[in-house]
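Have the sequence and the model open side by side as you read.

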Amino acid sequence: PPPPPPSIPPPPPPPGYAFCALQPDGQPVYCTEAPACLYCPEDGTACILSPYATEGDCSAERACVLPDGEVRFGLTDGECEQLSICNVECPGQPSCQSFRGHMGMCFINGVSDISLCYDLTVGTYGGVPSTVYGDTCAVGAISTPEVCADFGASIANLGYDTEFVRCGDYRLEDCSPYNNAATLVMACYVEDYGPCPSRASCESTGQCSDREWFKTMQSGYALESVTPTRIPGACIHSGYIDPAVDPAIPYCGTSSSRSGDSVQEDFTVYQARAPVGCRRSDIFSPADCPLEGVDLFGEPVYQHWLSEARTREDCLRDEPGRRGCLLPTDGSRRGPDSHLYFFNESDCDCKNGVMRDAFTWTDGRWRPARSEPLTWKTLTVDESPTEWVDGVLDFIALEELITASAERELTFRLQSETICKANVVANQLDFIVCDCVADADVAFGPSCDVTVDEVEVPVAVMGPCEGESAVAQGYNSRIEFLPTSVLSGCLNGTIALVQQSWVVSARPP
């Protein structure tokens, strides 16, 4: 998103005045020893000044606190309740949405020349290049209606006006990318999911994280001939082995971008890495997704059709594409988007990996908008307008922690790899060197006696953290960490090799 326009700092308060409250837009209100109507949160944060000027109006009206903390005035209790939201969308509630994920875009009407479009928008709020669609100039750098209106005011003297458009502004029957230039650039389409209409519908549903990977459109190459159809499923395949890339790991053949990032105007997208294996974007039905098939490049692959999950059971079902193999951590597969490979359990175990769920289920949770009373009080000057508060965020300490974490992550992998490659070999070489030393030279060379400290040969280091899945692979062993294995923070550990002869021998070897 573009950077916000520079804000103008508020004027300093007159002598003897102090900060008392906030305007709804966040600007300060200074103490004037006059009564005012305020909404004062129970948590003790700054009061918000309301537009009501009399004590009677103040007692009759209420403040509406939205789920995101925004405070609005002039709404009835019923109107305020209608602004409650659910943390997930409900199925069976069709809505017009952007296939490309745009929350809205700013357009300059009546501009069909790309050069004029560029001249009008160059340097605007970050200077992101704009594009002409028909007789409309899409301003790519503007993503909010307020900034779009400000930009329109700045070019009004040139005879042009702007309009901020959302896919949600269109009726379902008009929700098509071929309706006009705005719907084309945003790729508006009818999605079967929409805002939950009530607390009951919200709390009785949930959402599987597979939805973003199944956002596939089916259409023809002639833009005006076929209305794109949302496909609630996808053909997932194993990928193929490309020796030039990796002789052991399946390859998808194209970039690893998410499905929505590579949409063209005809809505044809290519296969991309899914959470498990690869996703085929040229197949739109289970009948065209046989178990044994070929990918877009003609390479043989194993395939499986996955339907979009609408229940927890379907989301976490044990089936190809929903469960995959997490290989030992190499630094590139950590975090929530760690890639899982299309191996069965025996193949995964052979590669020292562990099977993991690819998707997560989120239960519906209702976030109500609250109607709160207002307070009539005097904006009195506080004798101690400032106070010392412990436990606040220290940005310097935060920077040091982030730097230390990044350095640890970079050096940790190098340390582990070096120990794994070198220590086992070095330990064997020590005995060879000692065995080659003549008895007469022992007094002048290293002793071949093994001390207790040399029994354990470190072959790997590990640092599992709370809430993370990880696999530590040693010389001939493996340790698996679940998200619940570490209760708090991170641990530092070592995997060591102990020769069997040390344990079973009558005397130390």
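Predicted model: local features only at pLDDT ≥ 70, side-chain atom pairs only at ≥ 80, totals over all residues.

A search of the whole structure turns up three aromatic pairs, and two of them are described below.

**Aromatic rings**

- A pair of aromatic rings comes down to two numbers, the distance of the centres and the angle of the planes.
- Phenylalanine 99 and tyrosine 189 make an edge-to-face pair, with 5.8 Å centre to centre and 80° between the planes.
- Phenylalanine 99 sits in the loop between strand 8 (90-98) and strand 9 (105-109), while tyrosine 189 belongs to strand 13 (residues 188-194), so this pair ties together parts that are 90 residues apart in sequence.
- Both phenylalanine 99 and tyrosine 189 are buried.
- Tyrosine 341 and phenylalanine 343 count as stacked, because their ring centres are 6.0 Å apart and their planes are at 20°, under the 30 degrees cut-off for stacking.
- Tyrosine 341 is buried at 7% relative accessibility, and phenylalanine 343 is buried too, at 12%.

**A charge over a ring**

- Arginine 211 puts its charged end over the ring of tyrosine 193, 3.9 Å from the ring centre.

- Most residues other than glycine have a negative phi, so exceptions are worth a look.
- Alanine 187 is one of them, with a positive phi of about 55°.
- You'll find alanine 187 in the loop between helix 5 (181-186) and strand 13, and with 1% relative accessibility it counts as buried.
- Asparagine 352 also has a positive phi, near 65°, without being a glycine.
- Asparagine 352 lies in the loop between helix 8 (345-350) and strand 25 (354-357).
- The relative accessible area of asparagine 352 is 30%, which makes this residue partly exposed.

**Nonpolar surface patch**

- Where do nonpolar side chains show up as a patch on the surface? Look at Leu393, Phe395, Leu398 and Ile402, which together have about 430 Å² of accessible area.
- Isoleucine 402, a member of that patch, is located in helix 9 (residues 395-436).
- Is isoleucine 402 buried or exposed? Its relative accessibility is 52%, so isoleucine 402 counts as exposed, given that the cut-off is over 50%.

Definitions and conventions: Residues numbered from 1 in each chain as written. Heavy atoms only, no water. Patch = residues over 30% accessible without salt bridge, like charges linked within 9 Å, V, L, I, M, F, W, Y side chains within 5 Å. Areas by Shrake-Rupley, 256 points an atom, 1.4 Å probe, with all protein chains shown as cover. Salt bridge = Lys/Arg side-chain N within 4 Å of Asp/Glu carboxyl O. Helix = DSSP H or I, 4+ residues; strand = E, 2+ residues; numbered from the N terminus. Buried < 20%, exposed > 50% of the residue type's maximum accessible area, 1.4 Å probe, protein only. Phe/Tyr/Trp six-rings, centres within 6.5 Å; stacked < 30°, edge-to-face > 60°. Lys NZ or Arg CZ within 6 Å of the ring centre and 35° of its normal.
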